[in-house]
Structure formats: C-alpha cells, structure tokens
Amino acid sequence: MPLDLTDLTQRIEGDMFPGNMSPLPMLVHGLQTPEAATAEDVVMLMDLRWWSVVLSSQAGVCVCAQGVWAALDLAEREALLARKHVILVSQARAAFVRLLQHFYPTRELMPGLHASAVIETPHCHPFIEIGPLVYVAEEARIGEGTRIAAQAHIGRGVVIGRGCRIGERAVLCEGVTLGDRVVIQPGAVIGAEGYGFYQQGPAQAHQKIPQVGGVVIENDVEIGANVTIDRGTLGNTVIGEGTKIDNLVQIAHNVHIGKRCLIVAQVGISGSTHIGNDVILAGQTGVAGHLHIGDGVIASGKTGITRDIPAGQHVSGHPAMEHRAYLRWQAALKQWPRWWKKLKQPSRPSAHDG
C-alpha cells in the first residue's frame, strides 16, 4: 500500500528534509535496495560506506540514520538532497523494520486443515492453519493462531503454544514443548535422540545410552533452517525466552541456553553445557561439553571454547582467550618470520671479543 511522504515520516518517527527534485507530496510505493529502486521507492542509508551507492540510485526517498547524516560533509548532504527527499531517523533499524512490515506484510492466518493432513489428536485449537501432508500424532496439543506448513511432523505428545510458526518439513519429536510465538524454520529437527554411547572395555562395541528426556523451547524463540536440537538424556534441553538461533546449528542433549542469546550459523554446543543470558556465539564457534558460559559473553567467529568463561568476557581464538590478548598474539605471530630470520643470522663479533 503506497504512503505519502508525510505518512511515511510519521510512521518511522523521522524528520523530513524535502529534496530539490520534485514537489511534495509524492507517493512511495515500496522499499527497495539501491540497485533495484525506482523513483517511487524508498531506500535506507544506515552505513556511511553505502552513501555513494544510495546517491546514484534512482530512489526518490532516502531514510538516513542521524549518525550517518552527521558524518556527511555539507557537499555530500547537498548532493543527496539534489536527488532525493531525505528523512532522518534516530533509530534506523527500527524504521527499517516498520517499513518492511508495511510494504511486505505477513500473510494473514487462514484457519483450516488441508485435506491431505493427518491429525490424530483432538487437542487442536480451531483457529489454526495446517498445511498439506502435515502429520500430527496422538496427544499433541496445538495452540490458537499457530501455522504449520507442508510436510511438517509433530510427534506424540508435543505441545505447541499460541501464535507459533512451524516451517516446511520441520520435525518436532516426542517430548518437545514450545512456548508462544516460537518460529521454527524449514527442515529443523527438534527433539531427536542425543549422541550418547559407552564402552564396557577396550575394543568393545559402543553401547547406546537411551535418551528419554525432552526439549523445552520458551516464548519468542526463533530457530533457523536445518537446526538440530537433541532431547535430554534425562531431563530437558532448554532454549531460553527470546533466543535467536541461525541456520545449521547443532545443540546437544541437556544443553541449557539462557534468554536473549544469539547463536549464529554452524555453531556446535556439546552436551550438558549451560549458557547464560544475552550471550553471543558467532559463526562456527565450538563449545565443549559440561561447561558454564556466563551472562553477556561474546565469542568471535570460529572460537573454540574448552573451559568455563566468566560473565561479560569477549573471547576469540582456539583455545578461547580474552579477545585483546588474542589480537596481541595475532600481531606477534605476523612478526615471527622476521624474528626467525634474525635468529638464524650468525652474530657479528664485537670489538671486545678476542
């Protein structure tokens, strides 16, 4: 739905600086990338590095972060205003989200059960949407406003809260409980058996340890595509409220992840590790088992965590070390060839030798 400039400015709580190219008001028809934008579109400028790309775009309106605007010199501001109307915002990402929600609204729920779905439980709220070839086992419970996409599998006794979104071919095994407004992206497998084996002696066959626990996913969690979260051996694997998990993450049995954590792609977390609140694990970080990661810890990409990490630390490297120490180590490592060459050179005799 198009917006005129005044409505758009009010919607994102901005301040408008009219450009010099066309009279007001004008209708804005969409939010686009600079490369794809037309004169009827709006583009975002949230990073100074994108200024030249935004300037050269065909967009008629630019929503600019106040920090970026302050960093532009007078000539750069005038160049932008010569080609576009500019709206300044203090919270650029919030404005971006509001524009996305307006121009690309989420499809409304269409209550009903597809004819090809197999539903073996009576405990489904009437206001839900079940897609083609979905299977819902006996004793499962599905809350109001939940949407389950094609070919998803909902196991025996699974509990799904209100307003959840279950993607195509996602699997929720027996013993999984979801809170409200949980998003499971396509292909995720929640509640499969954990990786538990033992040997009775050297060179003996590996014996399986039964995995009889469950998985608890609290409110407002989002789980990316092809994530795997194993059920507990005894007790539950727990994902705390508001945590966001990227694609291709592996979370082993009995892991406890706190609230509002960010777990980025290809992270692996071994069994029985406890992770505090507001933790960030960047891409490909590996966490060994039976550890405690304190609140607010940040692990840089590809960090290998093999020990407990106290709250508030920023760690990097393998094995993980304090981030600034890691940077110093990296700087020293770059100097090693020069040092080694110097060490190999024969020392010159001094005038006092003899």
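## Parallel sheet

In this predicted model, Ile229 has Ile251 of strand β28 as its bridge partner. The strands concerned are β25 (residues 228-230) and β28 (residues 250-251), which run parallel and are joined by two bridges.

Both strands belong to an open sheet of 10 strands with parallel pairing, ordered β9-β11-β14-β17-β20-β25-β28-β31-β34-β37.

## Aromatic pairs

The distance of the centres and the angle of the planes describe a pair of aromatic rings. Tyr195 counts as exposed, at 70% relative accessibility, whereas Phe197, at 40%, counts as partly exposed.

Tyr326 and Trp329 form another pair, with ring centres 6.0 Å apart and planes at 35°; the pair is therefore tilted.

## Setting of the tilted pair

Tyr326 and Trp329 lie in helix α6 (residues 323-344), and because they are three residues apart there, about one helical turn separates them. Tyr326 has a relative accessible area of 21% and is partly exposed; the limit for a buried residue is under 20%. Trp329 also counts as partly exposed, with a relative accessibility of 43%.

Technical notes:
Residues numbered from 1 in each chain as written. Predicted model: local features only at pLDDT ≥ 70, side-chain atom pairs only at ≥ 80, totals over all residues. Heavy atoms only, no water. Buried < 20%, exposed > 50% of the residue type's maximum accessible area, 1.4 Å probe, protein only. Phe/Tyr/Trp six-rings, centres within 6.5 Å; stacked < 30°, edge-to-face > 60°. Helix = DSSP H or I, 4+ residues; strand = E, 2+ residues; numbered from the N terminus. Pairing = 2+ DSSP bridges.
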